[in-house]
Each structure stands twice: as structure tokens, then as C-alpha cells.
Amino acid sequence: MTARSNSMPARKLPLLTPETEAFWTGGKNGELLIQRCGTCGLYQHPPLPICSACRTETVASAAVSGKGKVKTFTINHQPWMPGLDEPFVFAAVELDEQAELYIFSNILAAPEAVTSGMRVKVSFEHLDDVWLPMFTPDGEAGDEA
Amino acid sequence: MKREDYPEKQVCITGIGQTKAGRPSDRSALQLTLEACLQAIDDAGISVDDVDGLICHPGKTPEGGGISPVGTVETMMALGIRPVWTNPSSHEGPGHMAAIFQGIMAIATGLCKHVLCFRSVAQATARMTSRSSTLLTGNRERVDPGNNAFTVPYHAYSPVNLWALYAQAYFDKYGVGEEELGWVAVNGRRHAMHNPNAIYRKPITIDDYLDARMISTPLRLYDCDSHIDGSTAILLSAKDLAKDLKNPPINIEAMGMSMGAFGEGLHSGDFTMTPAEVCGDMLWNRTDWTPKDVDCAQIYDGFSIHVWLWLEAVRLCGRGEAAGFIAGGERTAITGELPLNTSGGQLSAGRFHGYGHTHEACAQLWGRGGERQVAGAKTCMAVNGGYGYGAMLLNCD
Ligand SMILES: [Zn+2]
């Protein structure tokens, strides 16, 4: 399934900034890094210079389990550009660490097999200096609605 | 502050103008802009020289794609006027209505008397040069955090991919589906038939809707609005001057606004609500009127799902009830209990980008709807935006 993803046209990569670099490069060490507040414990994504809840600067990247569920998803059928290997799945993944902690990604699975509530786990696609977090079905866990 | 002192109570809408939607147009974006502006000025019955404030949304942008190809400076030059006030309107503001809100505040604070607000698009022409010009990839080598950096790397090149997530979540939560959603498009097309400026005027059925190609599940072709070339102008005037002009003044009973951060990747809740909820709260907190007082509604429909989310955000439908309200099309017909998107909305009239909705609200209140006229329409809700949010409750007795 990773091969399928790699056959797509070049992905437009994110610009790395002081705030976002950890998120986009944690995959180098096999880690999904999400910003967490050292004062109140809140995870926040997208990453920012301060905690949006307690407004302290005690935010730092923390490795999370990389597990979660598909909150909602879409199967893209539109060939936006030549070579795009549609259909593919674009989804909001809710991470296990905190309610409503979402990251967007592709689900590397047969589109018809993807459902809302499906358990997924992270993997990484290395392109240039970026390790894009991607998700695959987590066969070991039961799905929830 | 007493309600009669609110800025929106010091200002009226006194004229409107709109070009036909072109796909593409054989006229330049500046020509289209001037056509709409001169129409609005003539409609109000003021002299061109009386316009002392000029603003457009979101300001002329170098980003390309025809999203905002005309600015206030060249419009000022061509109109031969010397406005004392203008201001940038921005994608970061409360939706497309931001320019109108700023115009209201400029008049209410005494800076000027007649503000011309316009919105011009040339996205159809831009797409003739490059089909990818309207995608979210931008023209830089990498996507930056303010510009869909968390979604574009995943081949989510269009806003449709993002809004599809909301449609699927709404389906999952409320147990509705594509047949209900299809009625948003069918409803608008039925009304566009009677709107001479609309780009698509041939009625469609639910079967046509379901037979159309899938873009990004569950959103199909007719769930998406269409890029066009066109321009709309809305003239705002100080209340004390408005009463002596050609049209009965349209009062702004209340306005609401809020910010969003979807392009920056921030989403909260369960994907069935947007920050438009804040906008709805603000609007209803500024008036004694209630949703029952609304005679017709022009609800932003860049994508069909926007209509469900917006109707609930501005309390015209209860939570989870918008889908059932529109399904079948009776309650939202011209003769229904809440005629909806009577110009066809953006799905059928074309992406006038929010300004079509305000234009149509005024046309209805002035009784100009022809075969799409809502009998006795005195109060209309107009709302704009998917990434920032604005709403006005308009009234004309
Ligand atoms: Zn904190």
C-alpha cells in the first residue's frame, strides 16, 4: 500500500518552521511528535509558540502512540493533476491521546475498506527532509463507531 | 451601547449591481467591476462623485487564479472619483462580508457617507490559462503553515476535500445521506432558472444529481459551486441620506461575524459545526427579532454542505435538522415556509463569492425577483463564508 502512495505525483511538501519542524521530521526516528504543554498537559495541533489553553511557553514536542481512529474521511475521485492515483483516502484522524486532537492524513488502504471509526496507526513517508505521517489500518485493534 | 446606536443601525443598503456570470466572460475583470459599480450607483440614484468610500473583498491579490484580480485603486481611477476612505479586506476576516462590515463601520464612525463595496472574480478566465490555477497548492515551492500546509501534502488540493469531511461526519452523526444532500443543489437550480445572471439555469432532478460524477465522497459535481467571471457591487449609505434616494432603504437589523482557521489546519468539535456558530450567536444577541421573523434566506453554498452547517449556525434550523428541512424541496421553495437561495446560490448562479447572496437578499426585499420573487418578503438573512463567517439580517418595510 505504501508503494501505491509512492506512485502518486510528487507531493507538495510543507515548509518547515520552528514550530512545525518536529511534527514533520519526527518520523526520522519513527516517532509521531505532537506538541504538548508542560504546564497544563494539553496536546495541541497545529503547533504554536504558546499553549492555547494556559498561554504559557512551556510547549514541547512529545512522542505519542501514533494510534487513533478515523474521525471522518473522504475518497477523492477527482484527477486534480496528471498522474494522481485516484481514488485515494483523505481523512481526519483523532489521536488516542486526547479527544478532538486531529491530524489530517491519507489512509493507505483500499478506499472501500475505510470507515468512520476505523482504528489506524501511523507510518511515515520520507520525502526530502520531511517524514509525512501516514496512517494504515490497525489490524490489532477493534473498530469503534 | 443601546441597540439604536449600533453601527449597522446607522447604515442602509441603497443600491445593488451585478454582471452576468461568464464562463469565461468576453469582458475584462475591470470592465465587469465597473459595470457592477455603475449599476449600483445608478440604482441608488446618487451621483458617481458622491461615492466617498470604496472597498473590495479581499483586496487585489497577486496570488493569481483570478480570485481577486481588481483592486480599489484602478476602480477609483476609472470611476474618476476621489474617495476619502478605503481599507483592506482580508481572507482572514469574517468571510466575504468583511468588506461590507468595514464599510458599515466607516459610515457609522462618520468617515464617509456612501461606500461602494465590490467583489470581482475572474476564475473562469484564469482556468483557461491553467487548470491548476485555482487549486490550493499556491505558487511557492512549499506550502506554508498559513496556507493549507497540513492538508495539501496529502493531495487535498481543493477545499472540496476538506468540506467532504464535514459532509461525511454529518451523515455519520445524523443518519442522513446523499439523497438529502442532493436537495440543496436541486433546490438552487430550480430557482436559478429564473435568474438571468445565473450560469446554470437548466433544472436538475435528484437522479441527475446522483448520476453526476463523484468529486470527493460524498460530494459530487453538483455539490460544488462553479468558478466564473463576474462582479457584484453593494452600495451602503448613511441612514439619514438613504431615505431620500431612489429605493426604499434596506435596514441592517443585525450583523454577526466570526473568524476561522481551517486553512491553518485548526479543527475542533466533531466536524458537524464550524465557528459560524459564534457569528450566529452575535447576530441574534444584537436584535429582539427571532429566526421566525425571517422570510427568506440566502445561505452561502460554496459547497452544498455549507448550507446545512450555516442554517444550523444561524438557528434557522435546529441541530441536525437542516438536512430534513431541505429534503423534498417544499419547505425551501419560493412558496415554501423559508425560500432558500432564491437566485440559485453559488451552486447554480456561479461563484460570485458571497456577494451574490447579499445581492439577491436586496433584490428580494425590493420585489425584483420576477418569477423567483418571494411574495411579501420583508426580512432576509444573508450569510457568507466557509473559512471566515459573516451574516446580516436585512429588512425593508
Ligand atoms: Zn497549557
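Which residues gather in a patch of negative charge on the surface? I found Glu179(B), Asp207(B), Asp208(B) and Asp211(B) there. Before going on, I note that this is a predicted model, where local features need pLDDT of at least 70, side-chain atom pairs count only at pLDDT 80 or more, and totals for chains, interfaces and linings use all residues. Residues are numbered from 1 along each chain as its sequence is written, chains are lettered from A and ligands numbered from 1 in the order in which they are written, and side-chain values use heavy atoms, with hydrogens and water left out.

**Entry: the patch.** I looked up what a patch is: its residues have over 30% relative accessible area and no salt bridge, and like charges are joined within 9 Å. Asp and Glu count as negative. Helix H7 of chain B (residues 206–211) gives the largest share of this patch, three residues. Helices here are DSSP runs of at least four residues, and strands are runs of at least two. Asp211(B) sits in helix H7 of chain B and is exposed, because its relative accessibility is 66%. My cut-offs are under 20% for buried, over 50% for exposed and partly exposed in between, with a 1.4 Å probe and protein chains only.

**Entry: inside chain A.** I picked out Lys67(A) and Asp138(A), whose side chains meet in a salt bridge at 3.5 Å, N to O. Lys67(A) is in strand E4 and Asp138(A) in the segment after strand E8, so the pair ties together parts 71 residues apart in sequence. Lys67(A) is partly exposed at 28%, whereas Asp138(A) is buried at 3%.

**Entry: between chains.** Next I looked at Asp129(A) and Arg142(B), a salt bridge with its closest N and O atoms 2.7 Å apart. This pair crosses from the loop between strands E7 and E8 of chain A to the loop between helices H4 and H5 of chain B. Asp129(A) is partly exposed at 33%, and Arg142(B) is buried at 17%.

**Entry: inside chain B.** Arg220(B) and Glu178(B) form a salt bridge too, at 3.0 Å between the closest N and O atoms. Arg220(B) is in strand E5 and Glu178(B) in helix H6, 42 residues apart. I also wrote down a network in which salt bridges with shared partners join Glu277(B), Asp281(B), Arg315(B) and Arg319(B).

Key: Patch = residues over 30% accessible without salt bridge, like charges linked within 9 Å, V, L, I, M, F, W, Y side chains within 5 Å. Areas by Shrake-Rupley, 256 points an atom, 1.4 Å probe, with all protein chains shown as cover. Salt bridge = Lys/Arg side-chain N within 4 Å of Asp/Glu carboxyl O. Charge placed at Lys NZ, Arg CZ, Asp CG, Glu CD.
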